[in-house]
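Here is my note on the model, point by point. Please read it with the structure open.

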Amino acid sequence: MKLNTNSNVYTVVYATVLTVLVAVLLTVAAVGLKPQQQANADNEKKQQVLSAVSSVLGKEITFTNAADEWSALDMQNNMFLVNTKGEQVEGDAFAVVPKAQFAKGVVKEEATLPVYVANIAGKPYYIMCMYGAGLWDAIWGYIAVEADGSTIAGATFDHKGETAGLGAKIKDDPEFAKKFAGMQVFVNGAFKPVAISKKGGENIVDAITGATKTCDGVSAMIENSLKGYEAFLAKLQGGSSCQHACKKACGGEHKCQHGEGACGGEHKCQKACGAEAEAPSCCAEQQACEAESQSCCGEKKCNNNCEKVAE
C-alpha cells in the first residue's frame, strides 16, 4: 500500500515520531553532560570564594586556575559550617546554597552558614557568603576577614541583572571590590559593618556613580549577611585579643577560645595561644610571677626575672 504523505495521519505520526526522537536525544545529552555541568558550577563557586582573597594571594583567580589554587590551599579540608550562634555544626559547607539560608534578605534563625579558611603565608583568612537584592534582581558574593574577626581582607560580588556600566560594576570593576580591604566589621567593639555611600565617613566605601540603588543593596547585603556570622566573628575576636593583644589580660575570666590556659588561669599571662603571639603589654616585664599572690597586672610589679621591684 502506498503511503500517502499528504494525509493528516502521516503529518501527525511524523511530527510525533520527530518530537519523541528529539526529546530522547536531549535527555541523553542532558544526562551525559550533567557531571561536566556540575564540575563547571563547582569550579565557578571556587573561583568566587577565592576571589575574596585574591589581593592577599597577589594574583587574579580565574575559572582556569581556580581548581589548582583551591587544591594548593587545601580548601577542601579547611571549611566548616556555623549556626547563627557561632557554633560549628555538622554538614558539607561547600554543598550549602547561600540563597536557601536567607529569607527576604535576612539570614534565617536556623541557617547553617559556610566558612572557608584560606591559610596564606601562615595567616588564616575566613571567607563568608553573602546574599541579597540589588536594583533588578539577586546579588551575592563572598567577604574575607583577617584573624581578628573584623578587618576585611577582600571581597567579591556578583549579580543576576544589574545595569551594564552602572550597577554591574560591582562585579565588572575590580577597583570597587578592592576598596573594601582594610575596612571593618566591628567599630569600637560594636557590630557596624562597612557600608557604601557617596557621603563618605568612617568605615565607608565610596558608592558607584549612577548606581545608588545597587550600592544600597550591597550595603544591606553585607550587614544582613554578616549578622548571621556575628557570633562567630565575635569568637574570633576573643581568640585574637588573647593571641595578639590580650586586652583583658592576666587573670580574670577572659579565656582564649583557641587554646588552653592562655590569658587566664592562675593570674599569669601565658603565650599558649600560639608561638607567634606577642606578650600583652601589661605583662611585658612579668610574664610568669607565679609566686606572687596578685595578678601580673595587679599592683605588684616584677621584672623579667620575676623579682619584685620597687613600686
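1. Tyr116 is buried, with a relative accessible area of 0%. Keep in mind that this is a predicted model. Trp70 counts as buried too, at 3% relative accessibility. A search of the whole structure finds 10 aromatic pairs. Trp70 and Tyr116 make an edge-to-face pair, with 6.0 Å from centre to centre and 65° between the planes. This pair links distant parts of the chain. Trp70 sits in helix α3 and Tyr116 in strand β5, 46 residues apart.

2. Another ring pair deserves a look. Phe176 and Phe180 have ring centres 5.4 Å apart and planes at 80°, so this pair is edge-to-face. Edge-to-face requires planes over 60 degrees apart. Phe176 is buried at a relative accessible area of 2%. Phe180 is also buried, at 0% relative accessibility.

3. Phe180 leads on to the core. The largest nonpolar core has 65 residues. Phe157, Phe180 and Tyr229 touch the most other members. Several elements each supply at least two residues of this core, including α1, α3, β1 (79–83) and β8 (152–159). The largest share comes from α6, with 9 residues. Leaving out residues up to four places away in sequence, Phe180 touches Ile152, Ala155, Phe157, Val194, Ile196, Val205 and Ile222.

4. Now the sheet. It is open, has 6 strands and runs in the order β2-β1-β5-β6-β7-β8, with antiparallel pairing. Which strands stand at the edges? They are β2 (88–89) and β8. Each has a single partner strand, so one side of each is left without a neighbour in the sheet.

5. Strand β6 can be followed on both sides. β5 and β6 pair in the antiparallel sense over 6 bridges. Val115 stands opposite Met128 in β6. The two strands form a hairpin with 2 residues between them. In that turn, Ala121 has a positive phi of about 55°. Ile127 has Ala144 in β7 as its bridge partner, and Tyr131 has Trp140 in β7.

6. Why is β6 described as largely enclosed by the rest of the structure? The reason is that 8 of the 11 residues of β6 are buried.

7. Turn to the charges. The count comes to 5 salt bridges. Glu69 forms one of them with Lys59, the closest N and O atoms being 3.0 Å apart. The pair links distant parts of the chain. Glu69 is in helix α3 (residues 66–72), while Lys59 is in the loop between α2 (54–57) and α3, 10 residues apart. Glu69 counts as buried at 14% relative accessibility. Lys59 is partly exposed, with a relative accessible area of 37%.

8. Another salt bridge lies within a helix. Lys227 and Glu230 meet at 2.7 Å, N to O. They are 3 residues apart in helix α6 (residues 212–245), so about one helical turn separates them. Lys227 counts as partly exposed at 49% relative accessibility.

9. Lys198 forms a salt bridge with Asp206, with 3.7 Å between the closest N and O atoms. Asp206 counts as partly exposed, at 36% relative accessibility.

10. One lysine needs a separate check. Lys46 is found in helix α1 (residues 8–51). Is Lys46 buried or exposed? Lys46 is buried, yet has no salt bridge. The nearest side chain of opposite charge is Asp42, 6.2 Å away. A salt bridge would need the nitrogen within 4 Å of a carboxyl oxygen. Leaving aside neighbours within four places in sequence, Lys46 is in contact with Ala66, Trp70 and Phe94.

Technical notes: Residues are numbered from 1 along each chain as its sequence is written. This is a predicted model: local features need pLDDT of at least 70, side-chain atom pairs count only at pLDDT 80 or more; totals for chains, interfaces and linings use all residues. Side-chain values use heavy atoms; hydrogens and water are left out. Helices (H or I, at least four residues) and strands (E, at least two) are DSSP runs, numbered from the N terminus. Buried means under 20% relative accessible area, exposed over 50%, partly exposed in between (1.4 Å probe, protein chains only). Lys and Arg count as positive and Asp and Glu as negative; His and the chain ends are not counted. Contact means heavy atoms within 4.5 Å. A nonpolar core is a set of buried Ala, Val, Leu, Ile, Met, Phe, Trp, Tyr and Cys residues joined through side-chain atoms within 4.5 Å. Two strands pair if DSSP finds at least two bridges between them. Rings of Phe, Tyr and Trp (its six-membered ring) pair if their centres lie within 6.5 Å; planes under 30 degrees apart count as stacked, over 60 as edge-to-face and the rest as tilted.
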